[in-house]
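Let's walk through this one together, a stretch at a time. Keep the viewer open as you read.

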Amino acid sequence: MPDIKVTPLGAGQDVGRSCILVSIGGKNIMLDCGMHMGYNDDRRFPDFSYITQNGRLTDYLDCVIISHFHLDHCGALPYMSEMVGYDGPIYMTHPTKAICPILLEDFRKITVDKKGETNFFTSQMIKDCMKKVVPLNLHQTVQVRADKRSFLNLCYLKYKTAAWIDKCRPDILITESTYATTIRDSKRCRERDFLKKVHESIERGGKVLIPVFALGRAQELCILLETFWERMNLKAPIYFSTGLTEKANHYYKLFITWTNQKIRKTFVQRNMFEFKHIKAFDRSYADNPGPMVVFATPGMLHAGQSLQIFKKWAGNEKNMVIMPGYCVQGTVGHKILNGQKKLEMEGRATLEVKLQVEYMSFSAHADAKGIMQLIRMAEPHNILLVHGEAKKMAFLKDKIEQEFNISCYMPANGETTTVTTNPSVPVDISLNLLKREMALGGPLPDPKRPRTMHGTLIMKDNSLRLVSPEQALKELGLSEHQLRFTCRVHLQDPHSDTDTLSRIYSHLKSVLKGYAVQHLPDSTVMVESIVLKVSSSAEEPDLKVVLLSWCFQDEELGSFLSTLLKKGLPSAL
Amino acid sequence: MDSECLSLLPSVCEVLADSKLLPPDDTSLEKLLDWFKDLTSQDDGQSLLQHQPCLLQFLYSVMESEVVDPIIFSFSLKLAGLLAAEESGFCLLQEKGVLVSMFVPDGWHVLGLWKNASVRCGWLQGLWNMLQHPPAMDFFCRNGIITLVLNLQNDESLFITSLTNQILAHILNCSMPRVLGNDTDSTAEGQALVSSDWVSVTTEIMSHMSRSLASEDQAVILPGLRLLAIVLTQCGDPLKRLLWKHVLEPLEVLAIRKGDSLTPPMMAVLQAAARTPLYIQPECRVEALMNVMLYSRNTNESVLCAASILLLEKCVSIRLIGSAVISLLRICIGHYPSTILQVGNFPHLIGCCKIQRCGLDVLGSLTVYEESMDLIQEAFAIILQYMQSPDSHATVLKKAHQAALKWFSICSPSTDLWRFVSNDLFSVLKKHVCDGRWEVRDSTLEFIAQLTSALKGNSEYTEALHTNGMISVLFTALSDVEAYVQASAVAALGEALTTTNLPLCTSLQEEIVSHLLTVLAQDAESFPRRAALKVFTSWLKIPQTFAALDQSLSSVFSLGGNDCDWEVKIHTLELADVLMEKSLSHCPYAVQGYEPSERCTEQALNKLMDLGTLGLLFKCLFDCDRPVSQKACALLLKLRAFMKQTSHTDGNDLALEICRYNWGEEILHRYCSKRPEQSDCVSNDDEVSYEQIDIVKCDPCWPKEISLCKILDVLDLDEMQHTLSLSSDHVINSPRSLMEDILFVAHQSEDNVVDCY
């Protein structure tokens, strides 16, 4: 089928819960399987019942591809694979595979911490799900079941601002559009702003709380502060709460080659993850006098250590909380970001928020400029926008259509976009092969009447050529290999080895009429390419071992012969 | 009803209706609808509308606005539907003209809002909410809404077509009894209600269905088939019969139509039909249609058909299915059946993981049938082949383990089987524990643990486990590079020791305990530590005593209590729970004046104190992770109850030197706040600051020790338990918090961009 169908189950004119179904060439692929933090019932996951009512996702889906480890892209994986039921392959990169379970565990912890949470995946389910993951390298191509044409001419990019991408001219480019309308100030500006704010707060003797999730931004901000502290020779302690595992740092080190160039470059000079100024936090430190900076989980201030510290520090206007990411409705993080000054806590207590509240997004989503640049590089035939708010998407869609004059789609959740493609792939055929084909007889080539041709396809230097197997071997400097199968059949036959061979010869001659059966002088019998030999040991002369060997082309005949001989030789011979 | 919330409602409505303000995110709107749903289920829509005039005002202003945000418009449609779900609310809205202008075509559709999928979805959802009573049905039928609904059946949104089908089935279900005149309570009055509109709507739906099925366009046929399957499962028998007559002809055409992807939905329809009385009526031709489907398709598709027919009834014997599955599994692993003919058909199945996994699943599920017992030898043989095959994928091996467990659960302990276990199975499992793939090592260890647990008390198995070198393999696995695998090794080893009836030599016990203590102290990845504590708890639960464990309990409590992982702490508390239960239950409930029991209690408490159990409970009580402090609080309440029951004195005997512990400060803090009158050192404020505590600690007039009973009293555990049970969730989910958030967001000038998490 030449059509590509794309249906978002989540992230269609929407942020969070990214989950996009793509049907292409008879294959059904799910891109991402994310969750929405804004709900605490089943609505947090994509509704898979739209795919199949009976819940047998394995029957329908050929594979799942996860773009990266953020929870809005992988948070529903254990739910899908273990609770709804999916046994097929899940593809992701090595770093994603390593980091994904840490974030899922972290999230599970936050969730079970809340009251009345049901129908949520367990630690065991996360592990079982990870067992279904097939890790990939960058630029690695995977064939999804080799029995059918399954070349995925589809480019799915996320979370990449300046990712290098070839001019691959995909039929469709699916891209996120979170910051569709913004041209963001440079990351460097944001970083400088961040350091300035932390510094000011510390200077006036305040405490700075930075609520974070286990991995990602936490490490990046740590590197920033560590470098700044070193340069400015600052003495105030920086703490890292225990919820942030050693393991997370470990993986950051391990996958250094996958991180951005700047981190990589600095890493050569010194190991950025061995912090001099950043120490592990103990909850008693929160009461220590004097300035300090604390990184604590979770990132939305709705439970655990970060909330506990926040409660202690909220009453002092010298203190500051910096929210480096998005907070969903209902969380303390969301409330203070929207300027609420009086918070109702558990029980009857009210908490007055006097500390300074700052929001700084360090998310790596692409802005409008980045997306346009990506399109220019990849030259897709169609664009499909996901993971963004409807209004902003519409703005970007107009811009793309005007500038590139290509179709741009922004389906809502559940809406199917169909893109018609032209899947013809030109292939050059060697003249020799054509001549040989003609020599074999048959009608002359007619463009209106397609016919089958046999040959070897060489894919080299972006060109496709069909040549004869011999020519292919010659061009590639390879020699031909022959695959032979062998097997042993035990026979009880109280004759000499030579007689047994003769008996086998007569038997086969009578059974296989019309086949070339020969008794050769070197004590072998040959049926087409199949070679038979007989041997026995001195201890058991009556137990004959018949050795059979055949080449691949005679596979059926070979297994037929072995089955036949297993039944024994007729006594009448 | 929360009056505070209702007092916020007018301003929320105002904010939502104001197109100049930012609309809240859709989760907020959905949660607001949840709240309205709760309200209307407690109280009908009419009284809500009467007491909250702002709602009606909101609906009016949305309808009149020309620049309304589609998200808000969709919300108002759903809300109107909810308010009209009861007759009284419906009548009021009808009277005010709201329903006509919101739900009848040609009103606002001109505004271009209809192009927005969320608006179409909201419109359907609103209808779905409303169509719960005859007046709403009347409204629906009289106003020609059906045409629009039928159009939406071919919408490009999956969500909309699915909702449309639900609504159509619902309409048929509601109207048919009356239209057919067999409504059970059909009085003359009831009959009078059946207007011609109802009849024409049902006729229109049925004709539409048969037209869809007769279409050439697959995109039109598909929703038709889906609706048919829904009706056949959800609606009453008379309706099914009537409908079947309408659709049989196009179905017969579809059944012979080849080369498209309609086979699965067709089979879904036939499956649904076969479960109704239509199946036994020859003129309905359900079976004939199945036959046509089965024989007119290519191999792949007829396999699909056959599979769904097999699912239908137990028309084929279990033994036959079993044999088929086993043959298929053999082909998939490359073991050919004897004839060449069969081989030719399946070369592509060899090594196909998808079929291997599915086949092993089926093989396992056969164990629920008694007839399967005959297959047991063959089943184990094929499972073993899969385990032994070097080509088996990790996910396939896991399925083989699951199937094996199921077969083990039904087999009687025959000698042959144990030979199989100790010779073949254990040797392959030992190999797998050292496999290069962590998935295989882990699944194998999990399998060993599950098998050991399932065969608890089976002496042959236990013997095989302990004499085959398996234990030493498990020991080796404790130092695996993968934390998951280490944890599974811990669990398997723990299981192996609890199930054994063999007298265990002390040295082995000691060896394991010391290994697990090392895990607790050194592991950095939490899974092995959690597993170690679970093992300790399971050992403590069994009647036999593990001397080695008893000696190490204090180290376990200290390590577990100071762990940075909250689940390790929870498991440590569970261990403490079992220990408390065990030591305190030995003391008979005290009858006043009986000294022995008191002494026993005292001894038990002293032991708990010495092992660090009490310290653990107090430390965890103030933990920042709610589940930890909640569990500790529950245990302390248990302890308090026990002490109240057993002791007639104040319990002054057991005193805790609180200054020695870091949690002591917190307790002292509370102690001071609670009884300020006892000391001049502390001011009479409600709250005592930590600076003051420092003064207290240095003051010689303050006790360095406080009795356990007093501490338990001072802590106000009941209040703590109550607060903890409310959890952070309390803040997040309350409708009041939701409304406040909506109000605050609307007046926020800066847009906090929603990004990743």
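## A walk through the two chains

Start at Ser468(A): setting aside neighbours within four places in sequence, this residue is in contact with Ser430(A), Leu433(A), Arg436(A) and Thr456(A), where contact means heavy atoms within 4.5 Å. Ser468(A) sits in the loop between strand E22 (463-467) and helix H15 (469-476) of chain A; helices (H or I, at least four residues) and strands (E, at least two) are DSSP runs numbered from the N terminus. With a relative accessible area of 9%, Ser468(A) is buried. Here buried means under 20% relative accessible area, exposed over 50%, and partly exposed in between (1.4 Å probe, protein chains only).

A word on ground rules. This is a predicted model, so local features need pLDDT of at least 70 and side-chain atom pairs count only at pLDDT 80 or more, while totals for chains, interfaces and linings use all residues. Residues are numbered from 1 along each chain as its sequence is written, chains are lettered from A and ligands numbered from 1 in the order in which they are written, and side-chain values use heavy atoms, with hydrogens and water left out.

Now zoom out to chain A. There are 17 helices and 27 strands in this chain, and buried residues account for 53% of its 573 residues. Take the contacts in chain A between residues at least 6 apart in sequence: 70% of them join residues at least 24 apart.

A couple of backbone details in chain A deserve a click. The peptide bond from Thr297(A) to Pro298(A) is cis, with omega near -5°, and Pro298(A) lies in the loop between strand E12 (292-296) and helix H10 (304-313) of chain A. Glu379(A) is not a glycine, yet has a positive phi of about 50°. You'll find Glu379(A) in the loop between helix H12 (368-378) and strand E17 (382-386) of chain A, partly exposed at 30% relative accessibility. Chain B has a case too: Asp716(B), also not a glycine, has a positive phi of about 55° and lies in the loop between helix H38 (708-714) and helix H39 (717-726) of chain B.

Next, charges. Side chains of opposite charge can pair when their charged atoms come close.

In chain B, Arg530(B) forms a salt bridge with Asp565(B), with the closest N and O atoms 2.9 Å apart. Arg530(B) belongs to helix H30 (residues 527-541) of chain B and Asp565(B) to the loop between helix H31 (547-561) and helix H32 (566-584) of chain B, so the pair ties together parts 35 residues apart in sequence. Arg530(B) is buried at 8% relative accessible area, and Asp565(B) is buried at 10%.

So how do the chains meet? 85 residues of chain A are in contact with 71 residues of chain B. The area buried between chain A and chain B is about 7300 Å², with carbon and sulfur atoms giving 50%; buried area is the accessible area (1.4 Å probe) that two parts lose on being put together, summed over both. Across this interface of chain A and chain B there are 14 salt bridges. One of these pairs is Lys399(B) with Asp87(A), at 2.9 Å, N to O. Lys127(A), Asp128(A), Lys131(A), Lys398(B), Asp442(B) and Glu446(B) are linked in a salt-bridge network.

Finish inside chain B, where domain 3 (504-648) and domain 4 (654-713) come from an automatic or database domain assignment. Domain 3 of chain B and domain 4 of chain B bury about 1200 Å² between them, 86% of it on carbon and sulfur atoms. What about salt bridges across the interface of these domains? The rule finds zero.

Methods
Salt bridge = Lys/Arg side-chain N within 4 Å of Asp/Glu carboxyl O.
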